[in-house]
Every structure is written in C-alpha cells, then in structure tokens.
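Here are some notes to go with your first look at this protein. Keep the viewer open and click along as you read.

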Amino acid sequence: MSQAMLARTAGLSRQTVHNVVHALTVTGQVHVDQGANGRETLVSLRATTGVVIGVDLRYDVARAVLIEFPGGTRTDTEPTLLSAARDAATEDIDAIVRLVERLMADGGVTPADVLGLGLSLPQPYDARTRLIAPTPLMPGWAAEPVVPLLAERLGVAVVAENDANAAALAEARWGAGRDCADLVYVMAAYGLGAGIVADGRLFRGGTGMAGEIGHVTIDDRGPVCTCGKRGDLSSLASGRALVNQMRALGDTRATLDEIIASARAGEVLSSRLIADAGRYIGMALAHVVGMLAPSLVVLGGPLAAAGNVITDPIAAALGDMVIHPVVGGTRLEVSALGDDAALLGAVALVAEPYGVGTEASPSWLLPPVSRPPHSAATSRAPTDARSDSTEKGHS
Ligand SMILES: [Zn+2]
C-alpha cells in the first residue's frame with residue numbers, strides 16, 4: 001500500500017504517516033519499496049520473527065518441518081505414511097493434520113504463532129483454482145480442495161506449490177543458487193519436473209504450470225506415459241521409467257535406489273540406463289536453456305545421487321544442442337539441499353512474502369544427519385567456457 005493510501009485510509013496527514021513509517025522502518029517492522037511509477041513508495045509489513053511450517057507430500061509419505069525465524073531453530077517430526085493412490089484423500093488429510101499438530105506440539109507453538117504452512121506437492125498445482133491437476137496417480141487428491149480443507153482443519157494459512165517449483169525456490173534462497181538470480185531446477189525423481197527462478201522470483205507462467213518439463217515429447221514413438229502422452233521425458237528418463245526398463249531386462253525386483261547405487265558402483269546395465277536418462281534430460285533441458293539462458297541448472301531428486309553417471313551426459317547433451325554463447329555461461333550443479341529441497345521450498349513459499357529467512361545461513365536449515373552425501377558434487381556444463389560467455393543474472 002502506498003503512503004498516500006495509508007494516509008487516506010487512516011485519516012492522518014501524509015507527514016504523520018511518513019514519520020510513523022520511518023520509525024517502523026528503523027525498527028525493521030515495515031519494508032518500504034519504490035512503486036512501479038517511481039514516485040510512490042509502497043509500504044508492507046515485515047515480520048521479523050515468525051514460525052513457518054513446511055510439508056513435503058510425496059505419494060506414499062509426508063514430511064514436515066517447523067522453522068522459527070529469525071533465530072533459525074528447526075524442529076522435525078517423524079514422517080507419516082500416505083496412500084495417495086486411493087480414490088479418496090480423507091485418510092491422508094487426517095494423517096497430515098495429525099502430523100502438523102504433533103509438530104506444533106513438539107515445537108511448543110499454537111496455530112496463532114504460525115505465519116503459515118507451505119505444502120509441496122508431487123503433481124502440477126494450479127494456484128488460481130487451488131486444485132491439484134487431475135492425475136491417475138493421486139485421484140483422491142485431485143478431486144478434493146485439499147489446500148482450503150487443510151487451512152480450515154489446522155487454523156493456519158496454507159499455500160501450495162508443485163515440488164519442483166518449491167525446490168527451485170529453496171535452492172535459490174539457501175542452496176546451490178544463493179549467488180544467482182536465474183536458475184532452473186530439475187526434480188529427477190519417480191516423475192520429472194522443473195522449477196524456474198527468473199530475476200529472483202519463482203516463474204509460474206500464465207497458467208501456473210511453468211516448468212512441466214517431464215511431459216514434453218522427446219521421442220514420439222517412445223513408451224506411453226502415465227499422463228497419456230507418448231515418448232515424453234518422464235516416459236523415458238524418470239525414476240519410474242528406469243524401474244520399468246530394468247524390469248523389461250529381467251530384473252523384476254530392482255528399486256530406484258538400487259539402480260542408482262549399482263550405477264555408482266559401475267554396474268553396466270544400471271549405468272547405461274541412467275546415462276541414457278541423463279542424455280534425455282539434457283535434450284529436454286537444451287530447449288529450456290536455449291530459451292531462458294539461466295546462470296545455473298540444478299539437478300535434484302534421487303537421480304542426482306548418481307553423480308557424474310547422470311551429470312556428464314546432461315552436460316554433454318547441453319553442449320551438443322545449445323550454442324556456446326548461451327550454454328557457456330550456464331553452470332550445472334547437483335542440489336545443495338538434497339532431499340530437503342522441496343520441504344524447505346515449502347517453508348520459503350510462506351517466509352518470502354513476510355521477508356523472513358532472507359538472510360538466513362543454511363547451516364541451521366539442514367540438520368547434520370540429513371546432509372546429502374552428494375551436496376558438494378559439482379559438475380560444470382561445457383568445460384571450455386570462454387571469457388566471452390554471456391553469463392547473466394548474477395546479483
Ligand atoms: Zn507424461
């Protein structure tokens with residue numbers, strides 16, 4: 001709200017409002033921004049302290065974390081099991097309500113202390129309708145207005161976001177992208193998605209569905225995806241696809257974690273499948289990088305644990321398919337927040353509008369036990385980056 005509007009609404013003189021705003025700015029309670037027309041100054045409330053809850057919902061499990069800003073205390077609770085494949089989400093919603101209530105009790109807070117709850121979802125989410133996109137993987141969740149339901153049951157404001165978008169935001173704030181304003185995050189898990197941060201903000205696109213890289217066609221004669229499309233990236237390179245490919249090769253019991261571990265150990269079949277997946281991910285990313293020229297591409301999700309087995313083919317595909325002046329300035333790195341990226345992204349969704357957590361050091365965000373083993377792994381896209389690269393967007 002502008003200072004002029006504040007004066008009109010409150011029936012105070014402009015000078016009085018100016019004085020009060022100045023005093024509250026000094027104490028850090030309000031934030032003053034220049035308006036779009038360059039003349040008005042816009043005033044917003046700034047919470048210097050606040051409790052934020054993040055929930056990372058996957059298909060079969062939900063995790064929750066409570067962060068108390070600005071001190072940086074973190075409370076975790078035992079994850080709860082879900083069955084998102086059921087036709088009704090009622091039992092899952094009950095389970096999440098219990099999980100969050102337990103977390104608030106463990107953290108010694110009440111709903112009145114909580115700025116809000118961020119929810120990361122493993123499916124596309126439309127912020128306008130507050131509904132999860134229709135999907136055979138979570139039929140009950142797509143049918144229910146889950147976000148308003150949770151807000152009503154818990155008595156706290158709830159915002160939701162697709163997991164790749166949430167993770168992109170967390171990496172930009174506290175992870176691999178802390179030094180840059182433009183990044184693309186790829187969530188390589190059982191499904192595949194991407195989140196885009198442009199000019200420091202999450203880019204959702206006109207429909208809120210930006211970054212759905214998993215369902216763009218790579219090979220129109222390829223296998224059919226759960227979304228009904230043929231030969232899209234998820235059908236070829238997702239964790240689900242890798243498990244299916246291993247089954248077709250006769251290993252009917254291999255899990256995604258086992259395939260990744262085997263590839264890291266140099267086993268030929270797993271290495272081949274993951275290297276091919278990397279090549280496909282690189283092909284899809286080539287279009288994104290060619291269009292957006294981000295400073296950084298972050299690879300996250302379980303597949304990132306394959307390290308160079310997957311990052312080398314991604315970098316090679318980018319090098320092959322994007323002209324050097326564009327890709328030469330793009331770094332490729334493995335997620336710094338690992339398994340916590342979407343969970344902390346859910347926290348960031350709530351914290352950002354209040355301006356809390358922006359100066360936070362990530363040291364307290366990650367408990368030492370959950371620090372991912374691959375957090376330090378770094379791989380650069382085309383290594384022949386020249387000094388005339390068009391690296392942009394660093395802040
Ligand atoms: Zn698909």
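At what angle do helix 3 and helix 5 pack, and how far apart are their axes? Point 2 has the answer, after a bit of orientation.

1. **Ground rules and overview.** What you have is a predicted model, in which local features need pLDDT of at least 70 and side-chain atom pairs count only at pLDDT 80 or more, while totals for chains, interfaces and linings use all residues. Residues are numbered from 1 along each chain as its sequence is written. The protein has 13 helices and 16 strands; these are DSSP runs numbered from the N terminus, with helices being H or I of at least four residues and strands E of at least two. Of its 395 residues, 43% count as buried (20 or more other C-beta atoms within 10 Å of the residue's own; exposed is 12 or fewer, partly exposed is in between, and C-beta atoms are placed from the backbone). Taking contacts between residues at least 6 apart in sequence, 66% join residues at least 24 apart (a contact means C-beta atoms, placed from the backbone, within 7 Å).

2. **Helix 3 against helix 5.** Back to the opening question: helix 3 (residues 90–107) and helix 5 (residues 146–154) pack at about 45 degrees, with axes 11 Å apart. The axes are lines fitted to C-alpha atoms, for helices over the stretch in contact, and the angles run from 0 to 180 degrees between N-to-C directions. That angle makes helix 3 oblique to helix 5 (under 35 degrees is roughly parallel, over 145 roughly antiparallel, 65 to 115 roughly perpendicular, and the rest oblique).

3. From helix 3 come Ile 93, Ile 96, Val 97 and Val 100, and they meet Val 146, Leu 149, Leu 150, Arg 153 and Leu 154 of helix 5. By class, this contact has eight nonpolar residues, no polar ones and one charged (Ala, Val, Leu, Ile, Met, Phe, Trp, Tyr, Cys and Pro are nonpolar; Asp, Glu, Lys and Arg are charged; the others, Gly among them, are polar).

4. **Helix 8 and its cover.** Now find helix 8 (residues 239–248), whose axis comes within 11 Å of that of helix 10 and crosses it at roughly 140 degrees. This crossing is right-handed. Leu 242, Gln 245 and Met 246 of helix 8 make the contact with Leu 273, Ile 274 and Ala 277 of helix 10, giving five nonpolar, one polar and no charged residues. Buried in helix 8 are Gly 239, Ala 241, Leu 242, Val 243, Gln 245 and Met 246. Their cover includes helix 7 (233–237), helix 9 (256–264) and helix 10. After helix 8 comes Gly 250, with a positive phi near 105 degrees.

5. **Strand 11, covered on both faces.** All six of the six residues in strand 11 (residues 183–188) are buried. Leu 183, Tyr 185 and Met 187 lie on one side, with Val 184, Val 186 and Ala 188 on the other. Strand 11 runs antiparallel to strand 12, joined by six bridges (strands pair if DSSP finds at least two bridges between them). The two form a hairpin with three residues between them, and Ala 188 stands opposite Leu 192. With strand 14, strand 11 pairs in the parallel sense over five bridges; Val 184 has Val 297 as its bridge partner there.

6. Most residues other than glycine have a negative phi. Asp 199, though not a glycine, has a positive phi of about 50 degrees. Asp 199 sits in the loop between strand 12 (192–198) and strand 13 (201–203) and is exposed, with 9 other C-beta atoms within 10 Å. Ala 293 also has a positive phi, near 45 degrees. Ala 293 is in the loop between helix 10 (268–292) and strand 14 (296–300), and is partly exposed, with 19 other C-beta atoms within 10 Å.

7. **A buried loop residue.** His 215 lies in the loop between strand 13 and helix 7, yet it is buried, with 20 other C-beta atoms within 10 Å. Leaving aside neighbours within four places in sequence, His 215 contacts Cys 225, Cys 227, Lys 229, Asp 232 and Ser 234. From His 215 to Cys 225 is ten residues in sequence and 8.1 Å in space, C-alpha to C-alpha.

How values were computed: Contact = placed C-beta atoms within 7 Å. Left-handed = near helix turned anticlockwise from the far one by under 90°.
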